[in-house]
Amino acid sequence: MIIEAGLTRYEKVNEYIKKCLEKRNKVTVKDVNGQRYIGCALDAGKTIEVYGTAGNDLACYLNGGKVIVHGNCQEAVGNTMNGGEIIVYGHSGDALGYGMRDGQIYVRDNVACRGGIHMKEFENMKPVLVIGKNAGSFLGEYMAGGTIVLLGLGLKRGEKLFASHCASGMHGGKIFVRGNFSKDNLSNNIKVTNLDDDDQKELEMYVKKYCKFFDADFKEVMAKPFKKLVPATSRPYANLYTPN
């Protein structure tokens, strides 16, 4: 089933999508022009394929479904998602994966500010965010769990892997970073370590999926070394508070 979004208001577009998914498991939405909330709370077994530029809160509260975007996304993609998969054949705006609790997001290109902010995990629920190029300021801000992979593919001379305040307030989870980077933009609370065997296996699993989605060369991607960013303490702001 194909829906032509065009200049139709987002309420109507989402209403059409909902009705179509009542009868089938996959819907394609073409000519998307910033319509919001596409794929909101989409359940497992359902797929939405988007062509164009998706608006804010794409796949927010995603509940096991799959959303594929052939184009770029605006802000808060995967906001508070509970599971499922988001694949973006382009770049994303701010607050990608805000508060995500589970599931996986793969972005072919770059991510703007505050990617992975407030990511968290619990028991078997573990969110994953894989970024193909680079990220803006505050990547992994207040991160409490899960995994971010930053590949740095296709960077031009002078471009940085991540901008200022990377992992600011991070108190859980980990960030795998490929290639060389300056520690100047890292939070003081962050340790840079080598990967252990378990880290390597986990990383390779996500990189293989990225390469499959976006037709990248796995061996070439893995040829550069990775480092792991982890919090030095679970209470990064403890020194800011005075005990009673």
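1. Aromatic cluster. In this predicted model, pairs of rings join Tyr 89, Tyr 106, Tyr 210, Phe 213 and Phe 214 into a cluster. The search of the whole structure gives six aromatic pairs. Two of the pairs are described in the next points.

2. Tyr 89 and Phe 214. These two rings make an edge-to-face pair, with 4.9 Å from centre to centre and 75 degrees between the planes. Tyr 89 is in the loop between strand S5 (83-88) and strand S6 (104-107), while Phe 214 belongs to helix H2 (residues 197-214), so the contact ties together parts that are 125 residues apart in sequence. Phe 214 has a relative accessible area of 12% and is buried.

3. Tyr 106 and Phe 213. The ring centres of Tyr 106 and Phe 213 are 5.2 Å apart and the planes meet at 70 degrees, so this pair is edge-to-face; the cut-off for that class is over 60 degrees. Tyr 106 is in strand S6 and Phe 213 in helix H2, so the pair links distant parts of the chain, 107 residues apart.

4. Charges over rings. Two further contacts involve a charged side chain and a ring. Arg 114 lies over the face of Phe 138, and its distance from the ring centre is 4.1 Å. Lys 208 has its charged end over the ring of Phe 218, at 5.5 Å from the centre of that ring.

5. Cysteines. How many disulfides does the structure hold? The count is zero. A disulfide is a covalent bond that joins the sulfur atoms of two cysteines. For Cys 73, the closest cysteine sulfur is that of Cys 60, and it is 13 Å away, which is too far for a bond; the cut-off used for a disulfide is within 2.5 Å. Cys 73 is buried, with a relative accessible area of 5%. Cys 211 is buried too, and its relative accessible area is 8%.

6. Points to check in the viewer. Start with helix H2, which holds Phe 214 and also Phe 213. Then find Tyr 89 in the loop between strands S5 and S6, and Tyr 106 in strand S6. Tyr 210 is another member of the cluster.

Technical notes:
Residues numbered from 1 in each chain as written. Predicted model: local features only at pLDDT ≥ 70, side-chain atom pairs only at ≥ 80, totals over all residues. Heavy atoms only, no water. Phe/Tyr/Trp six-rings, centres within 6.5 Å; stacked < 30°, edge-to-face > 60°. Helix = DSSP H or I, 4+ residues; strand = E, 2+ residues; numbered from the N terminus. Buried < 20%, exposed > 50% of the residue type's maximum accessible area, 1.4 Å probe, protein only. Lys NZ or Arg CZ within 6 Å of the ring centre and 35° of its normal.
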